[in-house]
Amino acid sequence: MAARPLPAPALLEAELVVLVRERLLETPPGFHAESNLYLAGLDSMSIMQLIILVEEEYGVSLPDGALTKDNISTVRQLAQVIRAHAASA
Amino acid sequence: MEFDVLVAGGGSAGLAAAVAAARVGARTLLVERHGALGGMVSAALVHSICGLYRLPAKCESTPPALAHAGFAAEFSIRLLAAGGASGPVRMGRVDVLLQRPTAFAQLADQIVRETPRLNVRLHTELLAAEGESVTLLCRGQRESVRAAAFVDATGDAALAVLRGAPCEQADRARLQRPAFIFALAGVPAAALDDTARLQLAQLLARAVQAGALPADALGAHLRACAQEGEAFVTLDLDGGGAAYDPLDPHCLTQLETAGRALAGQLTDFLRRQVEGFAHSYVAAWPARVGVRESRRVMGRYRVEAADLERGAAFADAVAVSAWPMELRETARGPRWRFPTNGQPCDIPLRALQARDDAALFMAGRCLSCSHEAQAALRVIGTCLATGEAAGLAAGLQALGKPCDANAVNTARAQLSSRG
């Protein structure tokens with residue numbers, strides 16, 4: 001179900017920063033790939049949105065258990081999770 | 001019947017206003033349409049008090065500090081002492097006090113009993129209002145009362161509308177979405193820890209993608225309650241998008257039935273599919289859907305988003321707001337806007353005074369502010385603070401005493417030291 005090839009790591013992070021900023025959270029000024037997503041407002045409700053947005057955008061499937069509180073606390077970590085599951089798909 | 005002050009609406013703002021007015025010496029009547037005080041807490045099962053504490057400093061170890069003196073502090077401390085609250089707990093960048101709606105209503109009753117000069121009419125609606133007179137309605141029976149000053153703490157500005165005071169309201173498409181909250185019992189604490197909640201979020205997302213749950217389930221949020229074994233489920237509802245009208249009985253009816261239907265589907269899913277929820281059941285429905293925003297009364301000053309963003313100070317400050325703007329214009333989670341300097345924003349007395357109606361004050365979520373600012377000012381901690389300030393001002397004015405911001409703040413300090 002790959003929507004398009006996964007972009008290069010730096011571009012993927014940049015795209016995810018934009019996705020979070022424009023479609024998920026009201027991010028504080030200066031929000032970047034290493035900013036804490038929970039401090040930017042990520043909660044259990046927005047995590048559901050995030051999963052769906054990421055899966056639709058990148059055609060990856062994040063299996064149950066793929067996400068932990070600590071492995072999606074920044075965009076950089078989230079990009080690593082996405083790359084890991086895109087590679088194994 | 002003759003009163004000095006009539007307070008319409010017995011939610012957190014109205015309770016604070018009525019108690020403050022009576023304590024300052026005014027014969028006060030508090031009118032509430034439900035069978036319990038507490039407003040959105042009792043009727044809509046709002047189970048946390050937001051806006052009580054200052055925003056935490058960058059350093060994570062800073063303990064929470066109450067943002068308000070006076071009634072907000074008194075109420076939260078007594079609720080904790082009565083075992084009706086737990087916390088505060090840190091959620092992201094804010095501190096929140098978890099509370100039990102039943103305990104909130106009981107404490108409200110107790111405070112009313114302790115307060116001389118305070119009369120309460122439950123199960124009572126406003127029918128008409130003009131000048132010093134208000135017509136009340138209880139089950140088809142009218143009662144006429146008179147008062148010298150009024151506080152509209154109805155949330156929907158119902159008293160202001162009856163008195164003909166100008167109000168405003170955001171476009172329906174932008175109004176804060178409503179929430180349908182219900183209590184789920186038989187939920188072990190382990191089913192609601194951070195890891196379990198994250199797994200649950202993934203399961204729900206998956207079920208929505210697979211069509212096993214409606215897309216509206218993406219507005220669901222589960223939280224452990226201050227009561228062991230119970231959880232509260234908050235369903236943010238879309239309300240029909242641009243058709244959402246929190247003042248229209250057809251729309252409200254549809255929201256209630258849709259809320260219960262979605263709650264039923266979600267509960268069935270949890271029982272069948274999610275570990276820990278097999279023996280869960282709906283312990284309580286709300287008496288009504290939780291409306292976050294409707295009318296706002298036009299005051300002598302309108303609090304704006306820019307005031308909150310810069311932590312504005314006003315010479316006639318009578319309360320503060322310490323909560324960020326929490327915009328819920330969609331049912332897909334809040335968008336937070338924090339003050340740039342992390343500081344509370346003053347709420348001027350003028351924002352609690354109707355623009356062209358000297359006898360009318362307002363408190364709670366219908367005070368004078370913009371749509372964005374209301375997303376911060378509407379929370380219960382701030383309602384307790386604006387309610388107290390409006391009640392003091394109305395009480396002092398009705399008794400013919402000085403009732404400017406200085407007098408309000410002095411009265412609050414005197415009452416606090418006496419208690």
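1. In this predicted model, 58% of the 419 residues of chain B count as buried, where buried stands for a relative accessible area under 20%. The accessible surface of chain B comes to about 15,900 Å², and carbon and sulfur atoms account for 50% of that surface.

2. The secondary structure of chain B consists of eleven helices and 21 strands. With a radius of gyration of 21 Å, close to the 22 Å given by the globule rule for 419 residues, chain B is therefore as compact as a globular protein of that length. The C-alpha trace of chain B extends over about 65 × 55 × 40 Å along its principal axes.

3. Chain B is divided into two parts, of which domain 1 is made up of the segments 5-170 and 294-418, while domain 2 covers 179-284. To the contact between them, domain 1 of chain B contributes 17 residues and domain 2 of chain B contributes 18 residues. The C-alpha centres of domain 1 of chain B and domain 2 of chain B are 28 Å apart.

4. How far apart do the centres of the positive and negative side chains of chain B lie? Chain B carries 43 positive and 41 negative side chains, and the centres of these two sets are separated by 1 Å.

How values were computed: Residues are numbered from 1 along each chain as its sequence is written. Chains are lettered from A and ligands numbered from 1 in the order in which they are written. This is a predicted model: local features need pLDDT of at least 70, side-chain atom pairs count only at pLDDT 80 or more; totals for chains, interfaces and linings use all residues. Side-chain values use heavy atoms; hydrogens and water are left out. Helices (H or I, at least four residues) and strands (E, at least two) are DSSP runs, numbered from the N terminus. The radius of gyration is taken over C-alpha atoms; the globule rule is 2.2 Å times the number of residues to the power 0.38. Buried means under 20% relative accessible area, exposed over 50%, partly exposed in between (1.4 Å probe, protein chains only). Accessible areas come from the Shrake-Rupley method with a 1.4 Å probe; for residues, only the protein chains shown count as cover. Lys and Arg count as positive and Asp and Glu as negative; His and the chain ends are not counted. The place of a charge is taken as NZ of Lys, CZ of Arg, CG of Asp or CD of Glu. Domain bounds come from an automatic or database domain assignment. Contact means heavy atoms within 4.5 Å.
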